[in-house]
Amino acid sequence: MVKSGDNPATGLTIAFHHSIIHQEFMIMRSFTLFLGISMLLFSIANAAEPEETKKTDPLSLTVSGVLASNAGNQSVRFDLAGLQALGSVEIATSTPWTDGVRKFHGVEIYRILDAVGAQGNFVNAVAANDYRVRIPVEDFRRFGVIAAFEMDGVRLNPRDKGYLWIVYPRDQHSELMQKSYNERWIWQLKAIEVTD
């Protein structure tokens, strides 16, 4: 029963406004919650990504020439992750260009050649400045020569003969002290060309 002075329409209008305000509040609350969760997930994902992978790694090695397993390609390119996937080793040795014994971490070159099905007996190792040296493939298996990407736990860069440096374990083989072998220590290695 409606008392005099009461307007049923006014009561309905107030209730309707309350309903709309409540719905808007719930929508804003849901949106704020969604936005907060999204930002949290983005922060976690971003923090979990290593800093090195946020930018393109400059290390690059191209292997070309007489290859059996490159499915018709003229060359195969490796980045750091591709090289590490082949397995890495450490060599402790002195060099003509550094003081004392240093620890080099890298990939045995014969593993790189095996991965691309290299068929030749020699390689031309090519540096960033296009300096090149002819190396017998036999060296790589016989001495366990590596393409080093770290020295004493620190990534090599162009100032210290990186990003890749061909390193012979000269302290383990006296014949590697000969000057003819020193000439094969190519630094800033960018390419390996497999030849007959």
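The dialogue below walks through the aromatic pairs of a predicted model.

Colleague: How many aromatic pairs does a search of the whole structure find?

Modeller: Rings of Phe, Tyr and Trp (its six-membered ring) pair if their centres lie within 6.5 Å, and planes under 30 degrees apart count as stacked, over 60 as edge-to-face and the rest as tilted. Searching the whole structure gives 10 aromatic pairs, and one of them, Phe 104 with Trp 165, is edge-to-face, at 5.4 Å centre to centre with 90° between the planes.

Colleague: Why does the pair of Phe 104 and Trp 165 tie together parts that are apart in sequence?

Modeller: Phe 104 belongs to strand S4 (residues 101–108) and Trp 165 to strand S9 (residues 165–167), so the pair ties together parts that are 61 residues apart in sequence.

Colleague: Is Phe 104 buried or exposed?

Modeller: Buried means under 20% relative accessible area, exposed over 50%, and partly exposed in between (1.4 Å probe, protein chains only). Phe 104 has 0% relative accessibility and so counts as buried, and Trp 165, at 0%, counts as buried too.

Colleague: What kind of aromatic pair do Phe 143 and Tyr 168 form?

Modeller: Phe 143 and Tyr 168 form a tilted pair, 6.4 Å centre to centre and 55° between the planes. Phe 143 lies in helix H5 (residues 137–143) and Tyr 168 in the loop between S9 and helix H6 (179–182), so this pair ties together parts that are 25 residues apart in sequence. Phe 143 is buried at 5% relative accessible area, and Tyr 168 is buried at 0%.

Colleague: Which residues do ring pairs link into a cluster?

Modeller: The cluster linked by ring pairs contains Trp 97, Phe 104, Phe 143, Trp 165, Tyr 168, Tyr 181, Trp 185 and Trp 187.

Colleague: Where does the charged end of Lys 161 sit?

Modeller: A charge sits over a ring if NZ of Lys or CZ of Arg is within 6 Å of the ring centre and within 35 degrees of the ring normal. The charged end of Lys 161 sits over the ring of Trp 187, 4.3 Å from its centre, and Lys 161 also lies over the face of Trp 165, at 5.8 Å from the ring centre.

Note on methods: Residues are numbered from 1 along each chain as its sequence is written. This is a predicted model: local features need pLDDT of at least 70, side-chain atom pairs count only at pLDDT 80 or more; totals for chains, interfaces and linings use all residues. Side-chain values use heavy atoms; hydrogens and water are left out. Helices (H or I, at least four residues) and strands (E, at least two) are DSSP runs, numbered from the N terminus.
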